[in-house]
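Morning, everyone. Please bring up the sequence and the model on your screens, and I will go through a few parts.

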Amino acid sequence: MAEVHVRKLHKAFPDGTVAVEELDLEIKDGELFVMLGPSGCGKTTTLRCIAGLEEETSGQIQIGDEVVSGLRPSERDIAMVFQFYALYPHLTVRENMAFPLRAAKRPEAEINERVAEAARMLQLEPYLTRTPSKLSGGEQQRVALGRAMVRHPKAFLMDEPLTNLDAELRADMRAEVKHLQQRLNATMIYVTHDQTEAMALGDRIAIMNKGNLEQLGAPMEVYNRPASLFAARFIGSPPMNLIEAEVTNGHLTAAGGLQMTAPEGLSRGQKVIAGVRPENFTISATGDGVQGRIVSREALGDETIFVVECQAGLFHVRMPATARFDEEQVVAVRHVGVAPPAYDPTTEKVVSA
Amino acid sequence: MATHIQPEGLADEGIAGETAPPPVRKERKLGSGIEIVLLALFMIVMLFPVLWMLETAIKETKDIYAVPAKVLSFEPTLQHFKNVFGENSPVLQGFKNSVIVAGFSTLIATLLGVPAAWAYSRFKLVAKKDQLFFILSTRFMPPVVVVIPLFLMFRDFGLLDTLLGLILVYSAFNLPFTIWMMKGFIDEVPAEYEEAAMLDGYSRFEAFWRVTMPLLIPGIAATAVFALIFSWNEFVFSIFLITDPDTRTAPSAIAGLIGGTTTDWGLVAASAITFAVPVLVFAFLVRKHLVAGVTLGAVRR
């Protein structure tokens, strides 16, 4: 396993579209690094540049000690798992997994051993003689993982590998990918547009937008303090409540007199947008807080999400399942917990300390 | 590739095949009765010349000229076929030449066309659409238009009356077709397969050879048969560019039998049947792929 460095990567396609503006990433040895962003943000292009499937317009990519610019994909010693698995349809599961080893011209005994080892780890032993078309989506994905791991590559590149699975299977495979990555102590670069997947898997998350890095950090860092309004909207479900507020005496005050704890680093009278997680609001039938009206209620079993209309806008509020409020009921909304991050309305960047 | 044909008159009653009741028996019967009669008539008209040819091929010469025509009341003979393959056959050399010309021109068109189609399918190229249109546009004109210029060129290069000349012309005519048809097949094979193989340690060409190629075999077979049929049947260039009886191909050799003082119609019919059989056999062998080849690309995955 190895580190991966991306330095000043810039990628423009011949038709003029710029996929990556300028990107610097340092991916540590044995790290599960997630690149997260909406479609067209440049995350897949970055991955394909690392793989060597696209040539960078400028910049440098280093895998281990080797600068790989100009090297063919086959010379970079990396493995990739594709969104559509890309299993060779004319080969059996065994031959699919043996394929990279055959390319490396390994002896037959070693090939058998490595394939058997991967098949055991991924519970693919009963399927070795089948062709990919006879497998379910999850099984196909496991074969793709097996094919990636038999060669013990320097790094794994995962291009939205779970997007094509149904929701239940996706959660299982997510756990399996994480487990596998830890067991192999593999350097893994994982591209996804699903923030839940990113939060669940990543040691670190890079949020990308329009070819630029918006934020880089550990999942909880990114969750608690999104660096920009874009990141704030992208991470978390339901998303952060973004509320226009003004710094008053020790508080952030929004329309209707809603008060929130003020974060450090703001000056009095400054106009900001406060980002409040749904769990940092609480509602009660009577008591402190501003008046709001419940617009909708989503009982999720373990918790209930209320959408409350206040003078400052529509808020999502996460409450325990025991909270019973009816739609149209008038309630009091109050901010609890830590001070929310605050954003500048024009630059859209975080301004609180 | 199932096509759901919605019976007429049921258009507004939900989705065909799911909620619509089966079509009314009586109407269906009447409809298909007319259909069958029409199709049978059509078939008779289309097949009559072929049947007449078959019959002529096994009639003795005196029966061929009999008036009124003997339809079934004649003694069958294989003499004409023996003449086709006999020692003094005027067409046997033509068949040999046709095999060589059709075989090589198909081979050349396939060897050049498949890699070209792969490149057009996989790579970003300058003015790719224009290039492809240009390639296709060479098929817009009727071949006979270029006969005179080709004749002059061939005369200067000494290619008249040579098999090589015909092979070149047929290859050139088959190439655009091969490129377009193969591009359709290759577009259907996801590029990810090759990318995966490249990451698995193969060069781009090896990836194409080991992963895409095996998946393309049916498509190549279908395309090659089309090219083969074209080269095998081609008549105009053959008759214009070749006059030497030693190098002319079967179609012009057979045509050469007609005319003069007497025409041995039995030999003409027997030669024509011998000529048609290989194509029929080939088309039959790859009929599934032929249909797939024609319809592929019409439906997106």
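Helices (H or I, at least four residues) and strands (E, at least two) are DSSP runs, numbered from the N terminus. This is a predicted model, in which local features need pLDDT of at least 70, side-chain atom pairs count only at pLDDT 80 or more, and totals for chains, interfaces and linings use all residues. Residues are numbered from 1 along each chain as its sequence is written, and chains are lettered from A and ligands numbered from 1 in the order in which they are written.

Start in chain B, with helix α11. After α11(B) comes Gly259(B), which has a positive phi, near 110°. Helix α11(B) covers residues 250-257, and its buried residues are Ala250(B), Pro251(B), Ser252(B), Ala253(B) and Ile254(B). Buried means that 20 or more other C-beta atoms lie within 10 Å of a residue's own; 12 or fewer is exposed, in between is partly exposed, and C-beta atoms are placed from the backbone. What do the buried residues of α11(B) pack against? They pack against α4 (92-122), α9 (204-233), α10 (236-241) and α12 (265-285) of chain B.

Next, α9(B) and a partner. The axis of α8(B), residues 191-199, comes within 9 Å of that of α9(B), and the two cross at roughly 120°. Axes are lines fitted to C-alpha atoms, for helices over the stretch in contact, with angles from 0 to 180 degrees between N-to-C directions. So α8(B) is oblique to α9(B): under 35 degrees is roughly parallel, over 145 roughly antiparallel, 65 to 115 roughly perpendicular, and the rest oblique. From α8(B), the contact uses Tyr193(B), Glu194(B), Ala197(B) and Met198(B); from α9(B), residues including Arg204(B) and Phe208(B). Contact here means C-beta atoms, placed from the backbone, within 7 Å.

Now chain A. Its open sheet has 4 strands in the order β2-β1-β4-β5, with antiparallel pairing. Strands pair if DSSP finds at least two bridges between them. At the edges are β2 (18-27) and β5 (66-67) of chain A, each pairing on one side only. Strand β4(A), residues 58-63, and β5(A) are joined by 2 bridges. Helix α1(A), residues 43-51, packs on the sheet and touches β1 (4-12), β2 and β4 of chain A.

Last, Arg268(A). Where is Arg268(A) found? In the loop between β13 (259-261) and β14 (271-276) of chain A. Arg268(A) counts as exposed because it has 10 C-beta neighbours inside 10 Å.

Conventions: Contact = placed C-beta atoms within 7 Å.
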